[in-house]
Amino acid sequence: MVHAFFNPAQTATFNEIAARKDSTFEVYYFGIHGLAHNVRTILALSGAKFTSFVPEDWASEKPKKPFGVIPTLKETSVDGKVIEIAECDAIARYLSRKFGYLGTNIFEETVIDQFVSSSRSVQSVIFTKYFGAKTPEAKAEVMTKLMADTIEPWVRYHEQHLADNGSNGHYVAATLSLADVTTAGVINVVNGLWGADSITEEKTPALWKVYANVVSTPSYIAWTQTESFKTLAAGNVKLLGF
């Protein structure tokens, strides 16, 4: 039997809810930012009403998820209809389309997708290699290599594109997009692991402006003042060190 998340019988309901912006949302993930960073950030930027839910007994709940992983998103419309989505990238794209963070045409959407993919690849390499290193010596060696082979090229290519786009802190036109949100997440990781002086306004002005645009949005600032955000931030520090 097809998993409930993928049941085509919900197509009409799904399409109806996807076109609305007045739903409430539940983000189901561990008590850290992690893979839910983009999802929660998009919801915060859009001013949507959302709640973060942390599994109480992940071992027993894991088999119920379509891929055995989280985050997942539950969306409830004002008239009580419900849809659920799995996988962080699929959720982020769905929300970005709903709230206008995928550009205004197919070209802009494709440009955004390319820079999102570039940044997500960098995140994946960092987490795989850094957290895969088992000793302080191994981590130090990995960090040196990651900076030279992964982060510095990413900085160079993204700085160039952002400058070509007018150094306005956006990847496409002059509007916030999923690419901006994803880059802000990468900067959090890089500055968290390599130090706050790694990506700065002085060293990488175009990238820093992207970050500043995201974190200075009033609705995002309001979210960072909530107990939910503070709890996630504390969980991040406890588990990851930043």
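**Close-up views of a predicted model**

Figure 1. F14 is partly exposed, its relative accessible area being 23%. The residue belongs to helix α1, which spans residues 11-18. Apart from neighbours within four places in sequence, the contacts of F14 are I83, I85 and Y94.

**Figure 2. The largest pocket and its lining.** The volume of this pocket is about 600 Å³. Its lining comprises 28 residues, and those nearest the centre of the pocket are H33, G34, H37, V189 and N236. Two or more lining residues come from each of the helices α2 (37-46), α4 (88-99), α5 (106-130), α7 (178-194), α8 (205-215), α9 (218-224) and α10 (227-240). Of these elements, α10 makes the greatest contribution, with five residues. By residue class, the lining consists of 15 nonpolar, 11 polar and two charged residues.

**Figure 3. The aromatic pair F6 and F67.** Across the whole structure, 12 aromatic pairs are found. In the pair shown here, the ring centres of F6 and F67 are 5.7 Å apart and the ring planes meet at 45°, so the arrangement is classed as tilted. F6 is located in the segment before α1, whereas F67 is in the loop between α3 (58-61) and β3 (72-76); the pair therefore ties together parts that are 61 residues apart in sequence. F6 is partly exposed, with a relative accessible area of 42%.

**Figure 4. The aromatic pair F50 and W223 and the cluster around it.** The rings of F50 and W223 have a centre-to-centre distance of 5.7 Å and an angle of 55° between their planes, so this pair is tilted. The two residues come from distant parts of the chain, 173 residues apart: F50 is in strand β2 (residues 49-53) and W223 is in helix α9. Both F50 and W223 are buried. Ring pairs join F50 and W223 with Y220 and F229 in a cluster.

Technical notes: Residues are numbered from 1 along each chain as its sequence is written. This is a predicted model: local features need pLDDT of at least 70, side-chain atom pairs count only at pLDDT 80 or more; totals for chains, interfaces and linings use all residues. Side-chain values use heavy atoms; hydrogens and water are left out. Helices (H or I, at least four residues) and strands (E, at least two) are DSSP runs, numbered from the N terminus. Buried means under 20% relative accessible area, exposed over 50%, partly exposed in between (1.4 Å probe, protein chains only). Contact means heavy atoms within 4.5 Å. On a 1 Å grid over the protein atoms alone, a cavity is a set of points where a 1.4 Å probe fits but cannot get out, and a pocket is an open set with protein on both sides within 12 Å along at least five of seven lines; lining residues have an atom within 4 Å of a point. Grid points are joined across faces, edges and corners, and a volume is the space filled by probe spheres set on the points. Ala, Val, Leu, Ile, Met, Phe, Trp, Tyr, Cys and Pro count as nonpolar, Asp, Glu, Lys and Arg as charged, and the others, Gly among them, as polar. Rings of Phe, Tyr and Trp (its six-membered ring) pair if their centres lie within 6.5 Å; planes under 30 degrees apart count as stacked, over 60 as edge-to-face and the rest as tilted.
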